[in-house]
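Hello,

Here is the structure I promised to pass on. Please open it next to this email and follow along.

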Amino acid sequence: MGDMSKNYRLNFLKEVEANVEEGEWVKMCMQCGVCSGSCPLGKFWNHPPQEIFMMIRAGKREEVLTSNAMWMCTSCYNCIVRCPRELPITHIMHGLAHYAKRLGLIPQQQPTAKFAQLFWNNLSNKGRVNELKLGVKLYFMNGIGEGFKTSLKMKDIGMGMMKTKRMNPLEIVGGHGLEDIKGFQAMLKKAQELEDQRIATPRP
Amino acid sequence: MMAVAATVETILVVGGGISGMTAALEAAETGKQVVLVEQRPYLGGRVTQLYKYFPKLCFPTCGLEINQRRTKQNPHLTVLTLAQVTGLTGAVGDYTATIKLAPRYVNERCTACGDCATAVETEFDDEYNYGLSKRKGAYLPYRMAHPARYVLDPAIIGTADAEKAKAACKYDAIDLEMREETLELRCGAVIWATGWQPYDAAKIQPYGYDRFANVITSVEFERLADVNGPTGGKIVRPSDGKEAKKIAFIQCAGSRDRNHLLHCSRICCMASMKQATYVIDAFAEQAEINIYYIDLRSIDRFEDFYTKVRANKNIKFIKSKPSSIVADKDGNPVVHGVDTEGYNRYAEPHDLVVLAVGMEPAVNQNDFPLALKINREGFIEAAPENGGVFAAGCAADALDVNRSAQHATGAALRAIQVINRVARAEV
Amino acid sequence: MAAEKKLVGYLCTGCGISERLNVNQLQTIAVREGKIPEVKQHARLCAPDGVQMIADDIAAGATHLMLAGCSRRSKVEAFSFPNVAISRANLREGVIWARPNTPDNQETTQEMANDYVRMACAELRYLNIPSPSGEQKLNKNILVVGGGVTGMTAALETAAAGYPVHLVCDEAELGGVWKNLYKRVPFRAAASAVPNGYDVDLPQPEEPGITEMSAQVLANPLITVHFNAQLSKTSGAPGRFAADITNTAGATVTENFGAIIQASDFKEYDANQLPEFAYGKTPDVMTNFELERLAKAANGAPLKRPSDGKIVESVAFIQCAGQRSEQNGHLPYCSGFCCTESIKQALYFKAQNPDCDTTILFDDLRTPGAAGEDFYRCGQQEMVTFSKGKASAVVKNSAGLTVKFQDLILNEATELNCDLVVLATGQIPNNGPDPYAQLAVDEAETEEEKEAARIKLEVAPPSILNLDYRQGTDLPQLKHGFLDSHFICFPYETRRTGIYAAGPVRRPMDMKQAMDDAVGAAMKAIQAAESAANSAAVHPRVGDLSYPVFRKEGCTQCKRCTVECPFGAINEDENRYPVFNESRCRRCGTCMGACPVRVISFENYSIDSVNQQIKAVDIPDEFSEKPRILVLACENDAYPALDMAAQAGIETTPFARVVPVRCLGSVSLSWITDSLSSGYDGIVLMGCRRDEDYQCHFVRGSAIAAERLSKVGDTLTQLNLEPERIVVHEVAITDLERAPRLLNEMAQNIEKIGMSPFKF
């Protein structure tokens with residue numbers, strides 16, 4: 001059973017409240033299970049939201065932060081609209097993911113986490129998503145062999161998109177972006193500063 | 001114009017359900033003058049629409065028979081039906097109530113012979129059966145209705161049906177010239193017993209009450225199970241009349257939910273268990289019942305009933321608030337969700353789904369004729385600033401029948417305290 | 001009173017009666033056979049001119065009215081005339097609505113109507129007009145037993161209505177079990193809300209208000225408090241109770257009362273029966289009641305664990321401790337107050353130290369209503385951890401305690417460490433002995449039964465009321481020792497008239513509910529005192545002025561009446577003669593039915609008033625193929641069921657003759673034997689459900705009747721009659737289809753077994 005001294009202590013709940021977006025709602029869950037049932041991807045998760053909330057209250061820090069649960073959320077908002085306690089469940093799950101990432105606790109080979117990083121890198125570069133580059137990066141995320149395999153599988157769709165001018169093959173070099181990229185990056189920098197500041201000063 | 005003798009020593013009771021009737025009778029049987037005002041054409045309110053009471057599984061009409069007899073023979077009690085309090089002014093010890101009396105179009109000569117109903121043709125949804133059946137435009141609201149007088153639906157007034165009804169009556173009991181009247185009435189204290197209404201199940205969108213015929217409410221299920229109800233007590237589902245042997249009861253349908261009603265409606269757990277016994281009575285071993293709940297609230301001695309019901313292996317309790325209902329191709333409602341004890345994901349088809357709908361105060365927060373202390377759930381709190389107005393029963397909180405009658409008995413005393421003070425001051 | 005009887009009959013010809021029946025024949029029968037000199041026909045008797053006609057006759061001296069028309073349940077208001085005797089022949093629901101309108105049925109339908117007119121006339125001749133006995137005057141004093149919140153509330157509310165109160169408190173100060181409260185669970189729900197965010201203004205634990213309430217009681221000029229006192233004897237009846245109030249010094253005062261409220265609250269569950277939770281092994285495991293005392297003593301200072309004085313930094317609450325369990329020594333019921341109580345107590349710790357780990361292990365969290373659910377959210381908001389978990393054990397560890405439990409949500413066996421464990425234990429009603437426990441000893445038939453009953457009686461607690469009643473010293477108990485009423489519609493129904501239970505002695509409950517309950521009980525007590533002064537019955541025969549009249553000369557001192565009275569209304573004198581206490585009586589007539597020598601009757605309901613109806617029925621001869629079935633139907637359920645069946649067009653055999661009775665308990669065996677010997681072919685008794693969930697409005701009437709009837713077999717054998725000629729049915733008011741069917745089945749049975757040979 002391991003060390004149980006931290007069981008059902010508030011330490012982890014308070015850590016979540018201090019560090020996770022909307023974390024102060026976790027304690028309000030009444031374990032009805034409507035979120036778990038409402039999640040379209042629920043059956044693919046280790047722990048649906050309601051269980052995650054109970055685990056937080058039970059002090060299961062490692063299990064929660066290394067769970068794949070919050071990485072599987074597709075932001076469909078079914079849980080939020082149905083939650084009888086109006087918990088912002090989607091936001092909490094993203095908040096948990098964000099916090100786990102900060103702590104470097106992303107599960108190994110978590111594809112959605114990888115994708116999120118690729119997307120961010122892609123977007124923050126020029127302020128616009130370069131779909132071709134993003135697609136290529138994604139396909140080759142897990143090595144060259146798999147990259148080619150996936151590319152071949154998707155080639156018809158790719159050709160179709162090019163034919164209908166939905167994708168420009170020239171985007172692979174450079175690609176489009178915002179006019180004021182400098183301004184955009186300054187904004188991101190400022191946002192990062194604010195975020196760092198927020199993290200450095202935990203909420204009361 | 002109807003004359004009702006009332007003074008500052010009169011107690012006005014608003015609402016003639018079990019709470020209002022109890023309060024009115026307890027006060028009248030202590031010798032106080034009481035005027036009981038009821039919006040429906042008959043007394044008894046929502047309990048008249050129940051088949052059985054929990055936990056004894058006895059019949060509401062049994063106690064109603066006694067309460068009706070008490071009402072009929074009490075010289076201190078005046079009953080106004082089809083009446084609504086539209087205004088209330090004054091202060092403790094001296095109020096003036098404005099009462100709107102809707103026309104019944106049938107006077108006290110009515111012998112309840114039913115000839116008028118036979119004569120008329122137009123049919124309407126029967127509100128007594130929550131629209132599960134039809135009634136005529138001239139009707140007795142239900143068999144045991146008190147007063148035992150027919151009513152003409154205002155919609156047939158001015159039509160040929162109204163004339164047919166009038167022509168059919170041998171007793172000169174139909175008066176098509178009746179008009180709405182307004183009455184002013186003095187009283188020293190007011191008992192507010194306007195009760196509850198079922199929460200509008202259509203607002204709980206994932207459950208599809210408005211989309212699936214075989215998703216019904218708990219109050220409708222009571223009518224369905226009643227041997228004197230629209231199906232003669234046959235538990236059949238609305239879509240195709242097939243016997244509903246496999247039934248899901250979904251608790252907290254609207255209750256304990258910030259999207260709907262904040263409070264726990266208290267009665268629904270017991271009501272669903274009671275209704276589960278209807279299904280067992282009807283289908284015995286073939287019955288299959290799933291009760292989906294968050295917390296099973298069989299409080300105090302009601303626990304005995306839970307113990308008894310739980311012992312039946314055909315009744316299962318699943319700790320889960322279902323996430324949604326969809327209909328399969330055969331019209332079976334399929335209940336989706338996760339059993340939180342052990343994380344079993346289910347997609348369970350049923351013949352019928354019964355939503356245990358919450359109790360909502362019948363009077364909207366903003367519609368009270370005078371300022372009262374009301375909590376955000378809409379119930380009237382006991383508070384000195386309410387003066388001589390005392391809530392009874394479900395106007396004060398979500399209560400079961402027994403607790404409503406208990407609470408109403410107390411409200412009668414509170415009103416009597418005011419009246420006795422007034423009487424002493426007058427001497 | 002003894003004025004001459006002037007009988008007048010009225011025959012309503014409306015509602016189809018004249019179309020279906022030969023009303024002139026009915027009129028002739030009423031005059032010639034019924035011996036009613038004047039019988040008037042009216043086309044609609046209930047219409048204003050009809051009612052006026054009757055009123056005029058009364059003004060002219062009519063005292064006894066026979067109304068033939070609709071059922072006695074119909075048009076009650078129209079035919080409600082004071083100070084006259086009325087019998088009603090049920091021609092509408094009872095005859096024409098119950099029979100098909102076809103020529104071949106005409107003869108039997110008319111015969112039915114003829115008989116009902118004969119019966120009503122016969123009954124009328126034997127009805128007297130009851131008048132108030134004046135056995136007791138208005139005594140406005142109310143006795144409240146119990147100085148807790150329930151008792152204090154009852155006293156204050158009674159006094160607020162202008163009725164003087166004596167409050168008997170068995171301790172030196174008021175407050176009872178509640179006086180140790182540090183705070184109370186909030187009474188009200190939140191008043192406002194901010195949408196899409198945290199709740200604001202959620203209700204918090206409140207000042208308990210006990211001191212203020214005690215001060216109000218002591219300052220109230222209408223309330224007299226007897227401290228350190230108990231009831232050493234309570235005798236009399238509503239309106240004239242005499243209570244000996246004895247204090248611990250042995251001094252006794254006797255006071256008279258109109259009515260009594262028993263508010264003796266509850267006793268704490270003995271947690272020594274929970275060794276699995278280490279109760280008694282360490283002081284750090286305590287009950288919710290003990291924690292409350294600790295909090296009260298600390299008065300806001302940090303709560304320390306008793307073993308070593310360490311400030312509590314972690315605490316676990318185990319809900320349903322020794323409750324909701326079939327295990328021996330546990331309470332099978334839910335005490336109803338403990339969930340909100342634990343939330344409140346968890347908040348004590350949070351108020352001192354928001355970081356205190358407080359976990360509530362529950363199975364079902366029960367916080368009903370608006371205030372309850374708000375308080376649950378309040379607890380969560382203050383970071384009380386709620387875990388659906390089933391605790392199996394509490395063990396000591398080096399630093400404190402370990403609670404082992406199954407987390408039902410996380411689906412695992414787990415444990416938590418804490419400084420303190422609070423067991424949410426339940427309430428045990430603080431009652432005297434069940435009077436029927438004493439009876440059980442007296443009436444046990446075998447030595448074995450007697451011994452078992454005696455053991456039960458020996459462990460019984462001391463009496464609270466010390467009633468000087470033939471049937472025991474205290475209020476009868478319903479289940480698990482509670483004094484609840486059993487009737488859902490009538491929560492204050494009591495089996496000892498004028499004595500009302502309130503608070504946790506009636507049913508487990510929290511303080512708010514106990515206070516609400518006390519108000520209702522006060523209402524009933526005041527009503528009982530007022531009714532007694534008018535010699536009027538209380539529920540369910542409200543206002544009935546008749547009471548049992550007893551002819552002592554004929555009495556054989558058999559004690560059946562005193563034993564069988566469901567309300568303990570009848571005492572015995574030193575010669576074992578019954579002593580009736582009118583204002584304790586509920587007018588059910590069970591004593592009348594019990595009496596083997598027929599010396600008990602009521603002015604308006606007697607052996608004769610029914611027997612004459614039975615005799616009035618015309619019994620066709622054996623070869624007529626027209627059997628006669630006597631139906632004695634409970635007026636509360638079976639009779640209305642038959643009425644409504646007719647209203648619904650359900651047919652009843654034309655051979656049944658229905659006599660409504662107050663209760664099957666009032667059925668005298670003489671009615672049965674007389675009707676058998678006068679040629680009735682079958683007898684059907686219809687009473688209410690009589691099992692554990694009994695529906696009999698007079699509690700035991702239906703059961704008693706069934707028991708009596710079980711002995712009728714001998715009579716039948718003696719008469720050489722088939723046993724199936726007499727049946728007893730439990731009929732519910734909803735049995736619209738079944739009630740007539742039962743009568744029809746009897747008719748079919750008679751067809752099979754043949755007519756009674758006793759026709760003359």
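B:Pro55 sits in a loop of chain B, between strand E2 (33-37) and helix H2. Helices (H or I, at least four residues) and strands (E, at least two) are DSSP runs, numbered from the N terminus. The peptide bond from B:Phe54 to B:Pro55 is cis, with omega near -5°.

A word on the source. This is a predicted model, where local features need pLDDT of at least 70, side-chain atom pairs count only at pLDDT 80 or more, and totals for chains, interfaces and linings use all residues. Residues are numbered from 1 along each chain as its sequence is written, while chains are lettered from A and ligands numbered from 1 in the order in which they are written.

Back to chain B. B:His146 and B:Pro147 are also joined by a cis peptide bond, with omega about 0°. Look for B:Pro147 in the loop between strand E8 (138-139) and strand E9 (151-152) of chain B.

Next, two residues of chain C. C:Ala278 is not a glycine, yet its phi is positive, about 60°. Its loop runs between strand E12 (266-268) and strand E13 (285-287) of chain C. C:Ala278 has 19 C-beta neighbours inside 10 Å, so it counts as partly exposed. The scale is this: buried means 20 or more other C-beta atoms within 10 Å, exposed means 12 or fewer, and partly exposed is in between, with C-beta atoms placed from the backbone. C:Asn411 has a positive phi near 60° and is not glycine either. Find C:Asn411 in the loop between strand E17 (401-407) and strand E18 (412-418) of chain C. C:Asn411 is partly exposed, with 13 other C-beta atoms within 10 Å.

Now the interface. How many residues of chain B are in contact with chain C? The count is 66 residues of chain B, against 74 residues of chain C. Contact means C-beta atoms, placed from the backbone, within 7 Å. On the chain B side, helix H1 (18-28), helix H2 (60-73), helix H7 (303-310) and helix H8 (401-426) each supply at least two residues. H8(B) gives the most, with 14 residues. By class, this side has 24 nonpolar, 19 polar and 23 charged residues. Nonpolar covers Ala, Val, Leu, Ile, Met, Phe, Trp, Tyr, Cys and Pro; charged covers Asp, Glu, Lys and Arg; the others, Gly among them, are polar.

Last, chain A. It is divided into domain 1 (11-102) and domain 2 (111-200), with bounds from an automatic or database domain assignment. Their centres, taken over C-alpha atoms, are 28 Å apart.

Best wishes

Methods. Two residues are in contact if their C-beta atoms, placed from the backbone, lie within 7 Å.
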